[in-house]
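Subject: Structure handover

Hello,

Here is the structure I promised to pass on. Please open it next to this email and follow along.

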Amino acid sequence: MVHSRADNSNPARIPALGIRVLVLLAISILLMVLDHRQGHLGKVRAVIGVAVYPIQIVVDAPFRLWEWISESTTARNDLQLEVSRLNAERLLTNARLQRLTALEAENARLRDLLEARSRVRDEIRVAEIMAVDANPYRHNIVIDIGKRDNVYDGQALVDANGVVGQVIETGLTTSQAILISDPSHALPIEVNRNGLRTIAKGTGKFDRLDLPFLPNNADIQPGDLLVTSGLGGAFPPGYPVAVVTTVNRIPQEPFADVIAVPSAALDQIREVMLIWTATSPAAAADANREDSTE
Amino acid sequence: MTGGGRSRRLSVIVSIIVAFMLTLVPMPDWALSFRPDWVVLTLIYWAMMLPRTWSVGSAWIVGLLLDVAQGTIFGQHALALCLIVFITVRFHLLMRVFPVLQLTATVFALLALYQFILFWINGIADVSAPPVSYWGPVISGTIIWPVVSMLLSGVRMRIQLGR
C-alpha cells in the first residue's frame, strides 16, 4: 500500500523507468520486424483480438440498434412496396438463372468433350461488416466471421455487384480485410471483351482504380468491363471488378493512363460475401468436416 | 489491495476503455482524419497524475491492443505510446505545475511526436499516406485536451475522495 499512497506526493524518481522503457521499445521493434518481414504473429494477434472483440461489439451496438429500430418501424406501405419490388426482381433473376442452368449444363458437356476438368461451383457465405473503420489512409474493414468459420488469409470478398477485397488477417471470430481501393492493393484482372490481362491498383479513393501497366496501343476503351483473371490465385476468375471510365493515351509516355470505377459500392456496403473456391485451403477442411458429420 | 485501490484502478481502466471506444467509433469520411488520439490523451493524463501505477508497461499493453484493433503493424502504437508515456512520466512533476496554456502546448508537442513516430514507422514499412493527414489528430487532440483533462480530473477527484 506504500505504493498507492506515495503515488501523488512522493517526488522521487520512478525506479528503473529507463530500463523498462528500453526493454519495451526493444520488444516493440522486434515485434514489428517479425510482423512486417515474416508475418509470424497471426496467432498472437488472434489471441489479443479476442480481448478487443467485446469493445468492437459495444462500439457497434448503437449502430445495430439504430438499424434494427429503423427496420422494425418501417411503414407497412413501404414494406409492401419493397415486397412487390423484390418479387419482380426475383422473377427476373429466376428467368436469368434458368438460362444460367442451361448454360452451365452445356458448359459441363463441352468441357467433358474437351476432357477438361469441370469447374466446381464456388461456395459463398454472407458476412456483415462491423462498422469499424480503423485508419483513414488504409481501406480496411473488419467482418464478423473468422477462423471459426473457416475464413482463411487471402480469401476473396465480393458484394452483389463485384469484387470488394480480400482477407488479410483472420481472428477467431472476426477478420480484417483490405479493399481493392487501398493504395497498397493490386489485383490481377482481364478485360471481359477481349481477355487482355493487366493489373488494377487501388488509389486510396473509393471510386477509382488505376490500370498503370497498359501500353498506349492496348485494346481498351471506356465502358470495358474488367473481371478477375484468377491468375493471382487469391480471387476466383470471372468476378466483375470495375468498369473503365477514361483512357488517356499520351504519345510520349510508355503507358496509357487508364482509370476505372469499381463495380462494388465500396463505401456503402454493409454486407459482403466470402468465396470458398474448390482449390482453397479451407475447402478441403470443410469437406472433411462434412464427411464426419454425415 | 484495499477496496479503494481496486475501485481506483477500475475507474482508470474504464476511462481507457472509453477512450478506446472513441477511437473505434465509425465517423463520416471528412471527420476521420480529425479524430483525436483519445487513448494517447487519456494515457498522458494518467501518467502525469498517477505515474507509479500507470506507467510505460500499461501504455505498452494498451498500444498492442490498439495495434490489433486497427490492424496496424504489430508494435507500432505500442512503441509510440510507450515513448510518449515515458516522456510524460519523466517530467510529470513539472507538467503538473504548468499553467493550462503551457500544458496544452506540451501536449501538442507530445501528440506531434506521437504522430511522427507512427509516420516514421509507416515510412519504413512502406505504408503510404499523405503526410498532411498526420496533422489532423494533433490539432484536434490539442484542442480537445483541456476538456479531456477536466473530465479526467473529475474522475480523479472522485476516486481520491473515495480512498
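First, a term you will need: a residue is buried if 20 or more other C-beta atoms lie within 10 Å of its own. By that rule, buried residues make up 29% of the 294 residues in chain A. In chain B, 46% of the 163 residues are buried. Keep in mind that this is a predicted model.

**How confident is the prediction?**

The average pLDDT of chain A is 79. In that chain, 83% of the residues score at least 70. Two stretches need care. Residues 1-11 of chain A have a pLDDT below 50. Beyond near neighbours in sequence, that stretch has nine contacts in the model. Residues 286-294 of chain A also fall below 50. Here the model shows two contacts beyond near neighbours in sequence.

**What the chains are built from**

Chain A has five helices and twelve strands. Chain B has eight helices and zero strands.

Now look at contacts between residues at least 6 apart in sequence. In chain A, 57% of them join residues at least 24 apart. In chain B, the share is 67%.

**The barrel in chain A**

Six strands of chain A close into a barrel. Their order is β1-β2-β5-β4-β3-β12. The pairing is antiparallel. On average, neighbouring strands of this sheet are turned by 45° against each other, direction ignored.

Strand β4 (residues 163-170) and strand β5 (residues 175-179) of chain A pair over five bridges, in the antiparallel sense. One place to look is A:Thr170, whose bridge partner in β5(A) is A:Ser175.

As you trace a strand, remember a general point. In a regular strand the side chains alternate between the two faces of the sheet.

Go next to strand β10 (residues 240-248) of chain A. Strand β9 (residues 225-228) pairs with β10(A) in the antiparallel sense, over three bridges. There, A:Leu225 stands opposite A:Val243. β10(A) also pairs with strand β11 (residues 257-262) of chain A. That pairing is antiparallel too, with six bridges. Within it, A:Val247 stands opposite A:Val258 in β11(A).

**A residue to check**

Which residue has a positive phi although it is not a glycine? It is A:Asn150, with a phi of about 70°. A:Asn150 is found in the loop between β2 (140-143) and β3 (156-158) of chain A. Is A:Asn150 buried or exposed? A:Asn150 has 20 C-beta neighbours inside 10 Å, so this residue counts as buried.

**Where a helix of A meets a helix of B**

Last, find helix α3 (residues 42-72) of chain A and helix α4 (residues 56-70) of chain B. Their axes come within 9 Å and cross at roughly 95°. The two helices are therefore roughly perpendicular to each other. From α3(A), the contact is made by A:Arg45, A:Ile48, A:Gly49, A:Ala51 and A:Val52. From α4(B), the residues are B:Leu64, B:Leu65, B:Val68 and B:Ala69. The residues of this contact divide into seven nonpolar, one polar and one charged.

Best wishes

Methods. Residues numbered from 1 in each chain as written. Chains lettered and ligands numbered in written order. Predicted model: local features only at pLDDT ≥ 70, side-chain atom pairs only at ≥ 80, totals over all residues. Helix = DSSP H or I, 4+ residues; strand = E, 2+ residues; numbered from the N terminus. Buried ≥ 20, exposed ≤ 12 C-beta atoms within 10 Å, placed from the backbone. Axes fitted to C-alpha atoms, helices over the stretch in contact; angles between N-to-C directions. Parallel < 35°, antiparallel > 145°, perpendicular 65-115°, else oblique. Contact = placed C-beta atoms within 7 Å. Nonpolar A, V, L, I, M, F, W, Y, C, P; charged D, E, K, R; others polar. pLDDT = per-residue confidence, 0-100. Pairing = 2+ DSSP bridges.
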